[in-house]
Amino acid sequence: MKQLLLSFALLSVACLQPSFAIEKPADGASPAKPAAAAPQVQVVTSLGNFTIELNPERAPLTVANFLAYVDAGHYSNTLIHRAVANFVIQGGGFNADYTPKPAPNKVPNESGNGLSNVRGTVGLARTSEPHGGNAQFYVNLNDNPALDPNATRWGYAVFGRVVAGMDVVDKIGNVATGAHGIIKEETPLKPVVIQKVERVTGS
């Protein structure tokens, strides 16, 4: 039941024309659209808030899966149920009463997307089955290259990074832990509750 975390000049020669002329689109061409802002979500917890910027370009399936759970309200009143100092914090798998939270939608493993498990990045937790990730996510408290894929095994897919509130993540990672109910180790002895996860930018 416990999920295992075993996954960054153009030189113009037309000097007789006004400089703004080179910025005009060619006849019939559409003007360039500004790049869309990367989607962000805020994780509101009982110990403070942190903001995650998602990376749909590198991890499109994982981001879409995570946002589907966010939009469904899955993370409201769930636990940060794992906290390992200098390693990771993990949440999204248990209700605040320590009962498992059903999460039927799984996602293919995107750990080969070029994003590494460095400090502050966010990845998809999973079972020992490579494509067993669903709603549980983790935040790296340290550089964890052992979670990246290699030539002989799958890794854990990174799909975002913390852009605000890393001090809160560190605080959670350093709480006292032990066993509680069906969680046999590494769970905060004083519950750290995810009150909600909500979008703050991006559609």
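Let us start at one residue of this predicted model: Gln40, which counts as buried because its relative accessibility is 19%, and the cut-off for being buried is under 20%. Gln40 sits in strand S1. Its side chain reaches the side chain of Glu53 in a polar contact of 3.2 Å. Beyond its neighbours within four places in sequence, Gln40 is in contact with Thr51, Ile52 and Glu53, with Val163, and with Glu198, Arg199, Val200 and Thr201.

The protein chain holds 2 helices and 10 strands. Read from the N terminus, their order is β-β-α-β-β-β-β-β-α-β-β-β. Of the 203 residues in the protein chain, 43% are buried.

Now let us visit helix H2, which spans residues 166-173. Which residues of H2 are buried? They are Met166, Val168, Val169, Ile172 and Gly173. Why can these residues be placed on the same side of H2? They lie on the same side because the arc they cover around the axis is only 155°. As for what they pack against, the buried residues of H2 meet strands S1 (40-45) and S2 (48-54), strands S3 (78-84) and S4 (88-95), and strands S6 (137-140) and S7 (158-164).

Asn117 is buried, because its relative accessible area is 1%, against a cut-off of under 20%. The side chain of Asn117 takes part in two polar contacts that we can follow here: one with the side chain of Asn140, at 3.1 Å, and one with the side chain of Asp148, at 2.8 Å.

Tyr98 lies in the loop between S4 and S5 as well. Tyr98 counts as buried, since its relative accessibility is 8%. Its backbone deserves a look too. Most residues other than glycine have a negative phi. Tyr98, however, has a positive phi, near 70°. Glu186 also has a positive phi, about 65°, although it is not a glycine. Glu186 lies in strand S9, and at 22% relative accessibility it counts as partly exposed.

Ile182 is found in the loop between strand S8 (177-180) and strand S9 (183-188). Is Ile182 buried or partly exposed? With a relative accessible area of 45%, Ile182 is partly exposed. How far apart are Ile182 and Thr99 in sequence and in space? They are separated by 83 residues in sequence, while their C-alpha atoms are 8.1 Å apart.

The largest cavity holds about 50 Å³ of space. Its lining includes Val107, Pro108, Asn109 and Glu110, then Leu124, Arg126, Pro130 and Gly133, and finally Gly155, Tyr156 and Ala157. By type, the lining residues divide into 6 nonpolar, 3 polar and 2 charged. Glu110 and Arg126 are among the residues that line the largest cavity, and both kinds of residue count as charged.

Notes: Residues numbered from 1 in each chain as written. Predicted model: local features only at pLDDT ≥ 70, side-chain atom pairs only at ≥ 80, totals over all residues. Heavy atoms only, no water. Buried < 20%, exposed > 50% of the residue type's maximum accessible area, 1.4 Å probe, protein only. Helix = DSSP H or I, 4+ residues; strand = E, 2+ residues; numbered from the N terminus. Arc of directions from axis to C-beta. Contact = heavy atoms within 4.5 Å. 1 Å grid on protein atoms, 1.4 Å probe; cavity = no way out; pocket = protein on both sides within 12 Å on 5 of 7 lines; lining within 4 Å. Points joined across faces, edges and corners; volume = space filled by probe spheres on them. Polar contact = N/O pair within 3.5 Å; in protein donor to acceptor, adjacent residues only side chain to side chain.
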